[in-house]
Every structure is written in C-alpha cells, then in structure tokens.
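Have the structure open in your viewer, with selection by chain and residue number ready. Let's take a short walk through it together.

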2 protein chains.
Amino acid sequence: MPASPSLSPVDGTQRLHNFSAGPGTLPTSVLQEVRDELPVYGTAGASIMEISHRSADYDAVEQSARRHLRRLLGLGDDWHILFLQGGASMQFHQVPLNFLPPDGHADYVLTGRWSVKALREAKLLGTAHTAATAEDTDFTTIPDRDTWDLSPEAAYLHITSNNTVHGTQFSGDPEAEVPIVTDASSEILSRPMNLDPYGLIYAGAQKNMGPAGVTVVLIRDSFLARRNDDLPTMLDYGTHAERRFNTPPVFPIYVVEKVLRWLRDQGGVEAMHTLNQQKAALLYNRIDRTDFYEGIVARNARSTMNPVFRLHDDALQPRFLQEAKAEGLVNLKGHRSVGGLRASLYNALPMEAVEALVDFMDAFEQRHG
Amino acid sequence: MPASPSLSPVDGTQRLHNFSAGPGTLPTSVLQEVRDELPVYGTAGASIMEISHRSADYDAVEQSARRHLRRLLGLGDDWHILFLQGGASMQFHQVPLNFLPPDGHADYVLTGRWSVKALREAKLLGTAHTAATAEDTDFTTIPDRDTWDLSPEAAYLHITSNNTVHGTQFSGDPEAEVPIVTDASSEILSRPMNLDPYGLIYAGAQKNMGPAGVTVVLIRDSFLARRNDDLPTMLDYGTHAERRFNTPPVFPIYVVEKVLRWLRDQGGVEAMHTLNQQKAALLYNRIDRTDFYEGIVARNARSTMNPVFRLHDDALQPRFLQEAKAEGLVNLKGHRSVGGLRASLYNALPMEAVEALVDFMDAFEQRHG
C-alpha cells in the first residue's frame, strides 16, 4: 500500500488517505499530540479526561479553543461561543425552541436531507415556511437567491450552507432582511465568512473541526436577546452563554482546540480556503476531463468540501472502491440515500491525498475505460 | 513524589492518586490502550475518531459496549441501552418531556443539589410533587423510605441514588408502586442493582464509566411505551431506542467500552462492590478513629463513592490539601457549595490510593494534631 512520507506509520500500522464525510479526517500532528498527552496531561497527574471541568488545566484548554475560534472567524465581542452537545440534529430543535415566537414564524431554505429535517423539527413547535426548495432537482442545485420567498417578519431564515449528503454548497454568504441561522457543520472554517447576515451559526465538530461529541454554536448577542421565555435550562442558549453550566464534552473540546491551533499554523481560514479551492478544482477537473466519470450536481452548486460523482458505467463502482482501497484511498462511497462516490476534502485532508486520488482515477480509467 | 509501582510513569510524567469527583479517574490500562490505538485504530487506516459512525469498525465498538453493559448489570431483553449526550442535566428535562403526562404528575425525592435541579426542570413542563426532602438537614441525610409521600397515580418517582456533592447514598434500591427513574451518574456499576423497581436509569459516564460526553440511558420497554406523543425527534427516547439516529459521541463511547471490559476483567460489579465497600470502610474508619477528622453526613447515609469529611480545625484545610498534593494525592477539595474535603472512590481508584490517603491522614494528624 503506497502512502506518502508525511503519512508515515507510527505504530507499524498505516494511515490511509481518508475521504470520510464525517466523522472526518484529522491532522496527524493533532493525533500525535493527543497520544503524547496520554496517560498524563502536563503536570495534572492524570489525563485531560480525568480532571474537573472547573480545573485550571481544563479551563485553559477551553478558553484557548474559544480564543482561536474567535480569531480565525473574526468574531467580535458581540458573539458568544458555545460548546454544546447533540450535534446539528439537536440544533434543529433548539433553534426554533429558542427563536420561533408563539405568534410568529420562520423561513427555511431546503437544500437537502438535513434542512428538511431542520424544517420538520421547527414545524413540531410552530409555524415555519419553505422559502425555497431544491427538492425538484433531487437537491442537486441551490435555489437562486432571487427566487427565495422571504418574509420580512420572519424571526429568522434558516439555511444549510453545505450539503454533505448531496455535495452542494451555497456560494458565499447570502443576505436577508432577517437574521440568518446557518447549519455550517460541513464547511465551517473552510473559508472566511462574512458574519454580517448571521444571527446564529452552528456546526457539529466532526467534519471540519474535531471529533464527534461537541457542537459549536456561535450566537450574536442581539439575536440571543430575542429568545423565548421559560425555556428548559439545558436548551436555553442563554444558560451556556452566561457560564459553564454543566460538564462539557471535555475530550472532544480538547481535540478541537488542537485542530484550531493547527489551522492557525496553516495560515488560518484564508490560506485554507485557497488550498480547499485548489483541492476541489483538481478533483472536479479530473471528473470533467472525460466522460468516464460524471459530476452529479449543478456546476454552480458544487461543494468544495464534499464533491460527489459517479462512474458513467455504474457497474464498475464496486471495483473502483476495491481498487482504491488497495491503493490506500478509503471511505469514498457516496451517502446511502444518493449512491455514487463522494470524496470529502475537509481541511485536514492534504493536497497529496487528492493528487493520489486523481492519479488513481486516471489509472483506473486506463485499465477499465 | 512517592507513587506506587503500578502507577509508574510512562512519559516521565507521574500519574497521581486522583480523587476527582468527576470527570473522575480511569483505569491506567484503558488509557494505555487508547494511546496504543493512536493515530491508527486496527486496520481502519485512521483513528477511531475519523471514521463513519456507520462503519463496521465503530459499530463493533458500540455493540460491544452495549453487550458488556447488558451483562454487567444483568439487563434483560426488555431493556433498551441508549448512548445519549448532554449529561444528567439534559435528562432532567428529557425525562419529564417524555413521561410527565399533560394531565398527570410525577413524584421527586430531593436528596441534594442535582435532584433539586431535576425537579425544577419537571416543573417547567408540568406538575411534579416533592415526595420527600432532606433539605432540612442540608442534605446530609437520606429521608427514611417510610416517610415518603408517594402517589400511586404518579407517572414515575424520581430519585438521585448517590449524591456526589453531599456524599450521601441510598442504601440499595428502594421500591415503589410506580416505576422509579434514577439518576445513577455517580454510582452506576459500583454495585449490583435490583432492576425491578426501575423504569429508567440514567448516568453521565464521567464519574464511574468513562470520559465526559456520553450519557447512558437504560429504559425498560414497558416504560418507554408510556411516553408522550409529538416529541422533538432528538429528545424522544424512542428515536434512539429504535436505531442509531445521528452521529453518536464516538470517542467517549469507545472509552466506555474499554472501561466496561476492564470492569468485567476485575470480576464485574459484584467484585467491584466488595472492593468499593472495603475502600470506603478503610477511609470512614480512619475519619472516625479520632476527633481530628469529622464525617459530615449521617452514618446511615454515607456514600461509598464520595466520602465527604472535614478537619475538626477547619483552618488546617489549606495545609492538608497542600501536603496531600506533595504526596501525590490530588483533587481532594469538597464541592464549592459544601466545603470541606471529599475523596471520590470510583471503581477505577485502586485500594492502594485509599491506603496512601489514610497513611497520609495519619501522618498529617501526627504532625498537626
């Protein structure tokens, strides 16, 4: 199994080129740090998992994560940074629970499986409108901003900025009269953001930021102030904006902090955006170069994070996956609801992995084309 | 800093005797296994954190955790095992959301800080009665079972079986006409349980079972069937009883699985119970032997997991903590709301740690008594 020198094994066991859509690949250096800090973290006399979440050692980790996130995304002092649990799926409930007023409504743009789920949870609690939907194209497009049916009275507008399952992505940050709430799980920190349109940004960490088990929620203070009264304590964003209320998911946050420092060392989100565009361009160019491979989604909706494609001859797919694996290229199968192939190109996936994939795609076409 | 040979350092950095109340100490062998499986897990080509939660590799881990938990606690096929997020604090909301009927009520026994919080969340949703409270003794007692004011019409009876903050514990499993819901966070797996009285058992993992970030919920099928309609998907226990709905907290569950295997190798909960009683007896006997140290709670309510005590001369406490730390005995400070000292004796804390503590207490008394 060939692998590049920078992915050299530590344990005699090979790290492969990992295109997993999530939980996704992490920087090898981060994993080495975690390893080095077991079973004892610094001078704590125990691992980071075994000490109080109110200890100075853990507090320094969480504050550092917060500080790096603030700098990387350019979050001003009017933004709260929350480390919650339950993933995006819990946010589908928590957002309307906090912000859908009993006598009001919210607007949702449907661009895939996850936004449909988000809308469903909002409707369990109150009134939510579909402002636009790409369902008619099987979610292979992003509806034109001009066509969105938005209400200036909506409490918020909800979007899913990158659609992991379908491989589509909004181009940049849309604008609206009302605060936008975005599920940025699979694109957060992959590009600089214009924060102006947003009231709340949420992201499960396990795609571009760390391991599963922590959800980052960024809330603008003026939006937070609009939330409903008498909320369950744990689901009230205000609880967590004010103080560390209960035991946080210590280990996932600890890894996120390392990923954020790694990201800073790579040059931050600007440098990462340039690299991510190069990675995506390399793969999409290979897909488009011949008819042997086919893109699945509209070109203007293509995701830099989760390119989806298929073989013109679908019957070759099992062989593609098998031969790719033999070359050390793994987790390339598309989502079970869509089929085909998917190569997730998150921040921690290096350019050389995409080069190896493209080389393999060339060779596979030569053998089977 | 003296430490016993079995706690020998791996990295040149010492593991200390860690009496943390939570997140609590873990078996050193478990941390070694985690370390050995970084940055590559088995043949996955990536760490356990970087692969799909629907992969065969991760699935085997979660199924193994489930199997061991079932065997260790003797859970029959009529019990569902759920790995959720949000800690006990989320359960304070989720339990009444699912099981408090719009036209009914639930009973709560108040034995400390956490049960008071649980009651508060239930009251946000409906009617909840205080069946008994130890508030008049500053939660240094467990109200006699005979005095509980229980209603046979209650949807459930909620208890907190071990009170981490106050250092009290129920003696065994109480009985009631209605299903009991128990917060067993700080005593689960420390003793065999009589499951008959229970409808639901919940426990944050970070005290006796693993790292923070996963909450184990055990629900009897007949109790699950009684839940309310139209629940938010993520907060409906039924969602998680039926299938793996969303991305679970992979790494915390992976560590829990290792702790459960370790526990089996120690002889299971029966052997652990014997050892835990010996550990607690050693410490309580030392506390009681002279007037230099004082127990804080009623003798018949003393916790085997979280003994709390203080120095007769309170002014000596800072020196006690300082000298203990110099001997490698750490995290002995009582909860900020109670003060004094607390030595949490969770499963993973070895007898030799208690012996070292007791030896230190003797020496400290000789020096300062």
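**First stop: one span of chain A**

Start by selecting residues 18-357 of chain A, a span that is 35% helix and 16% strand, with its end C-alpha atoms 11 Å apart. Keep in mind as you look that this is a predicted model. An unreviewed UniProt entry annotates residues 18-357 of chain A as "domain: Aminotransferase class V".

**Second stop: where the chains meet**

Now show chain B as well, and color the residues in contact: 59 from chain B and 59 from chain A. Together the two chains bury about 4900 Å², and 60% of that area is on carbon and sulfur atoms.

Polar contacts link 23 residue pairs between chain B and chain A, counting pairs with both residues at pLDDT 80 or more.

**Last stop: the helices of chain B**

On the side of chain B that touches chain A, highlight H1 (28-36), H3 (87-99), H4 (113-125) and H7 (250-265), the elements that each give two or more residues. Which of chain B's elements gives the most to this side? That is H1(B), with 5 residues. Finally, color this side of chain B by class, and you will find 27 nonpolar, 23 polar and 9 charged residues.

Notes: Residues numbered from 1 in each chain as written. Chains lettered and ligands numbered in written order. Predicted model: local features only at pLDDT ≥ 70, side-chain atom pairs only at ≥ 80, totals over all residues. Heavy atoms only, no water. Contact = heavy atoms within 4.5 Å. Buried area = accessible area lost by both parts, 1.4 Å probe. Polar contact = N/O pair within 3.5 Å; in protein donor to acceptor, adjacent residues only side chain to side chain. Helix = DSSP H or I, 4+ residues; strand = E, 2+ residues; numbered from the N terminus. Nonpolar A, V, L, I, M, F, W, Y, C, P; charged D, E, K, R; others polar. UniProt positions renumbered as here; feature names shortened; annotations may be inferred.
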